[in-house]
Amino acid sequence: MRRTLSKLEQLTQVLRGHTTMLITMQDNPDPDSIASACALRKLANTLSEVQCSIAHGGTVGRAENRALVEYLGLNLRQIGQLDLSQFELFAMVDTQPGAGNNSLPSEIEPDIVIDHHPCRPLTRHCRFTDIRSRYGATGTILVEYLNAAKIKLEMSLATALLYAIRSDTQDLGRDTVHADIRAITHLYPLANKRMLSDIQRGKVERVYFQMLVDALKNARVIDHAIVTHLGEVENPDMIGEVADLLLREDSTEWVMVCGFFRDKMLLSLRTSRQDASADKVARHLVARKGTGGGHPSYAGGQLSLEGLTERQKAVLVKKIVERFVKKVGGDAAKAEPLIASKNSPIS
Ligand SMILES: [Mn+2]
């Protein structure tokens, strides 16, 4: 708390005298990105009457995340469509300069960076940073700020932050510290539990099931790992969602899912091994070709597909899969399909 109090003072100094700020989230923002951006906006509004816009570069794909955005009544902006010269301050939450998963132009150095991913070299230059890489969620850091500033949380923000911490830590089951538990305990009585349940059961379009079926059909089991490729996706969040699902297979310790979104190859890694570092594996897989990072049990990466032919793209996927299998100690020759196809008993 002492740390947060002194940080809060520094943050107030940075905000002082300014009227506008752009808050950048991950391109395809997850609940932690979304809730953290709202919490920072609340802080900036309350501490210093700074008006904030919240922006990202990709899409909000996952049904739960769209439901969250709708519930919060957020008007999320596309960074590429904004006149950035109208903002006096720039902030980044749940991502960092150079992370590869946000679209703030590299010539703009953010004034404020609050995140729970490992600190990146470019972040060190920023005026105000608070990087707590052991925390389960960026939302937890912001709950501490809001509490330190004695700001009363409205129900919608409390609900969003609770959902953020629960989803980043899978209900406190992965990569969690005591602060996350404290934050959840604080938020729980303030949150709208019925809304939380509605958000988690967000409606999906029919195409979702097609993607799911393709993902499962393409999945290959290699020793204790599962790998699948979704091909072109309309919804990049699907990649992480499928990775979470496949990790539930009872003999699986590692999962890698990849897919193409716009001109990038995205990949998600998951592990249930306590001694593993998914973030390190992610960085190894994309080494010299892209960016990667994350947390001990879940991580991701991205590689540019610009200028590649279909054939070259396929070669790239093959190479990344090979690297992954080698890294997690599997034998690619033993690959077998996850599911055998059967005729439906209904038709
Ligand atoms: Mn996060």
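Start with Met 21: setting aside neighbours within four places in sequence, Met 21 is in contact with Leu 15, Leu 40, Ala 44, Val 50, Gln 51, Cys 52, Ser 53, Phe 87, Leu 89, Phe 90, Ala 91 and Ile 112. Contact here means heavy atoms within 4.5 Å. This is a predicted model, so local features need pLDDT of at least 70 and side-chain atom pairs count only at pLDDT 80 or more, while totals for chains, interfaces and linings use all residues. Residues are numbered from 1 along each chain as its sequence is written, and side-chain values use heavy atoms, with hydrogens and water left out.

Met 21 is also one of the residues with the most contacts inside the largest nonpolar core, which has 57 residues; Ile 23, Leu 40, Leu 43, Ile 112 and Leu 161 are the others named. A second, separate core has 25 residues, including Trp 254, Phe 260, Ala 276 and Phe 324. A nonpolar core is a set of buried Ala, Val, Leu, Ile, Met, Phe, Trp, Tyr and Cys residues joined through side-chain atoms within 4.5 Å. Buried means under 20% relative accessible area, exposed means over 50%, and partly exposed is in between (1.4 Å probe, protein chains only).

Now for the sheets. Helices (H or I, at least four residues) and strands (E, at least two) are DSSP runs, numbered from the N terminus, and two strands pair if DSSP finds at least two bridges between them.

Which residues hold the manganese ion as protein donors? They are Asp 32 (OD), Asp 94 (OD), His 116 (NE2) and Asp 168 (OD), lying 2.1 to 2.4 Å from the ion. Asp 32 lies in helix α2 (residues 31-48) and Asp 94 in the loop between β4 (89-93) and β5 (112-115), so the pair ties together parts that are 62 residues apart in sequence. Both Asp 32 and Asp 94 are buried. Donors are N, O and S atoms within 2.8 Å of the metal (3.2 Å for Na, K and Ca); water is not among the atoms, so sites may look incomplete.

Arg 174 sits in the loop between α5 (155-168) and α6 (178-187), and is buried at 12% relative accessible area.

The other open sheet has seven strands, ordered β11-β12-β10-β9-β8-β7-β13, with mixed pairing. The edges are β11 (290-294) and β13 (336-337), each pairing on one side only. Helix α10 (residues 278-285) packs on this sheet and touches β9 (254-261), β10 (264-271), β11 and β12 (298-304), its direction making about 150° with that of β10. Helix α11 (residues 310-327) lies across β7, β8, β9, β10 and β12, running at about 165° to β9.

Look at β7 (residues 220-222) and β8 (residues 225-232): they run antiparallel, joined by three bridges. Arg 220 has Val 227 as its bridge partner in β8, and Ile 222 has Ala 225. The two strands form a hairpin with two residues between them, and Asp 223 in the turn has a positive phi of about 50°. Six of the eight residues of β8 are buried, so β8 is largely enclosed by the rest of the structure. On to β9: β8 and β9 pair in the parallel sense over six bridges, with Cys 258 in β9 as the bridge partner of His 229. Cys 258 is buried, at 0% relative accessible area.

Terms used: Axes fitted to C-alpha atoms, helices over the stretch in contact; angles between N-to-C directions.
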